[in-house]
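Subject: Structure for you to look at

Hello,

Here is the structure I promised to pass on. Please open it alongside the notes below.

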Amino acid sequence: MEETRDLKVMFNKSGGTAGKGAYSPKISLPKVWLDEMGITLEDRDVNVTFKNKKIIIEKK
């Protein structure tokens, strides 16, 4: 399966002891992609690699 989507990164204000103006970035992945990878609520461990300005997500 190969599919490309344009997504936006969400920036949520950090709470707790985070510094003033700190943000926590997040991105939502399409469920069909996670289904294809076999990632479920019970089995959701992944390895994430940042290399050559690319993010690679693999099921653990």
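Helices (H or I, at least four residues) and strands (E, at least two) are DSSP runs, numbered from the N terminus. This is a predicted model: local features need pLDDT of at least 70, side-chain atom pairs count only at pLDDT 80 or more, and totals for chains, interfaces and linings use all residues. Residues are numbered from 1 along each chain as its sequence is written, and side-chain values use heavy atoms, with hydrogens and water left out.

First, a loop. Lys 53 sits between β3 and β4. Asn 52 lies in the loop between β3 (46-51) and β4 (54-59). Most residues other than glycine have a negative phi. Asn 52 has a positive phi of about 55°. For Lys 53, phi is near 60°, also positive.

Next, the largest pocket. A pocket is an open set of points on a 1 Å grid over the protein atoms alone, where a 1.4 Å probe fits, with protein on both sides within 12 Å along at least five of seven lines. Its volume, the space filled by probe spheres set on the points, is about 470 Å³. Of the 14 lining residues (an atom within 4 Å of a point), the closest to the centre are Leu 29, Trp 33, Met 37, Ile 55 and Ile 57. The largest share of the lining, four residues, comes from α1. Both α1 (31-37) and β4 supply at least two residues.

Best wishes
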